[in-house]
Amino acid sequence: LVRKGNPKGIKDWDDLVKPGVSVVVANPKTSGGARWAYLAAYGYALKKNNNDDAKARDFITRLYKNVPVLDSGARGSTVTFAERGVGDVLLSWENEAYLVEAEFGKGKFDTVFPSLSILAEPPVAVVDKVVDKRGTRKVAQAYLEYLYSPEGQEIAAHNYYRPIDPKVAAKYASKFPKLSLFTIDDTFGGWKNAQKTHFSDGGVFDKIYQPGAK
């Protein structure tokens, strides 16, 4: 998400590492959305550089040098960017970018879709020990299944989440630009491996991010 008119000319990930560009994003150590943003940028750098990890690390290091503040959550970053006016570009969930205009003022921002990003699929699950303890298995299962029903998918699309139901997706195709996406499994070996390598204590993020460093 950028300011109206895109004054810094942000078109793709490479523009985020340029001098003088201020990037707002949450802390991937504390925010799930920020982890997706980090992995999207890192994955882009890997794909661009024939999976050269050293070049990807250099890219992500330069990107986070342009981050003036790391909020603890994605919502906090949205407020920092949209309400407080900090930064030139916000790395955000796609649906959050759409919602910003509705909440903070239509016509104040532009949405930029990168040439490549990551397929973000936050999980939903019935937790056996919780539903069995509370006697809520039936309603929890019904809710989970409803999410994937045509009606549930319509609600998702209406709130700017990409539906996976083919008929609903076709209906809202004009709302969601086609994107080139990679997955966390094919690029990072799954969440468990990505968490250990990049976000655990002493991981890649701890090594590349130094608060206040320029």
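1. Let's start with Y209. This residue is buried, with a relative accessible area of 16% (buried means under 20% relative accessible area, exposed over 50%, and partly exposed in between, using a 1.4 Å probe and protein chains only). Y209 sits in the segment after α11 (204–208); helices (H or I, at least four residues) and strands (E, at least two) are DSSP runs, numbered from the N terminus. Not counting residues up to four places away in sequence, Y209 touches Y64, V67 and L70, where contact means heavy atoms within 4.5 Å.

2. A word on what you are looking at. This is a predicted model, in which local features need pLDDT of at least 70 and side-chain atom pairs count only at pLDDT 80 or more, while totals for chains, interfaces and linings use all residues. Residues are numbered from 1 along each chain as its sequence is written, and side-chain values use heavy atoms, leaving out hydrogens and water.

3. Now find helix α1 (residues 32–48) and helix α2 (residues 53–65). Their axes come within 8 Å and cross at roughly 135 degrees. Axes here are lines fitted to C-alpha atoms, for helices over the stretch in contact, and angles run from 0 to 180 degrees between N-to-C directions. The two helices α1 and α2 are therefore oblique to each other (angles under 35 degrees count as roughly parallel, over 145 as roughly antiparallel, 65 to 115 as roughly perpendicular and the rest as oblique). On the α1 side, the contact is made by A34, Y38, A41, Y42, Y44, A45 and L46, and on the α2 side by D53, A56, R57, F59, I60, L63 and Y64. These residues divide into twelve nonpolar, no polar and two charged. For this count, Ala, Val, Leu, Ile, Met, Phe, Trp, Tyr, Cys and Pro are nonpolar, Asp, Glu, Lys and Arg are charged, and the others, Gly among them, are polar.

4. Helix α1 also meets helix α10 (residues 191–199). The axes of α1 and α10 come within 12 Å and cross at roughly 85 degrees, and the pair is therefore roughly perpendicular. R35, W36, Y38, L39 and Y42 of α1 make this contact with W191, A194, Q195, H198 and F199 of α10. The residues involved divide into seven nonpolar, two polar and one charged.

5. Is H198 buried or exposed? H198, which is found in helix α10, is buried, with a relative accessible area of 5%. Leaving aside its neighbours within four places in sequence, H198 is in contact with Y38, L39, Y42, F188, G203, V204 and F205. By contrast, H198 and Y148 are 50 residues apart in sequence and 32 Å apart in space, C-alpha to C-alpha.

6. Next, look at strand β2 (residues 23–26), which is covered on both faces: V23 and V25 on one side and V24 and A26 on the other are all buried. β2 pairs in the parallel sense with strand β4 (residues 89–90) over two bridges; strands pair if DSSP finds at least two bridges between them. In that pairing, V23 stands opposite V89. β2 also pairs in the parallel sense with strand β3 (residues 70–71), again over two bridges, and there the bridge partner of V25 is L70.

7. Helix α4 (residues 94–104) holds E96. At 12% relative accessibility, this residue counts as buried. Apart from neighbours within four places in sequence, E96 is in contact with R75 and T78. The buried residues of α4 are N95, E96, A97, V100 and F104, and they pack against α3 (74–82) and β5 (109–110). After α4 comes G105, whose phi is positive, near 125 degrees.

8. Finally, two backbone angles to check. Most residues other than glycine have a negative phi. N50 is not a glycine, yet has a positive phi of about 55 degrees; N50 lies in the loop between α1 and α2 and counts as exposed at 72% relative accessibility. Y160, also not a glycine, has a positive phi of about 70 degrees. Y160 is placed in the loop between α7 (150–158) and α8 (166–171) and is partly exposed, with a relative accessible area of 24%.
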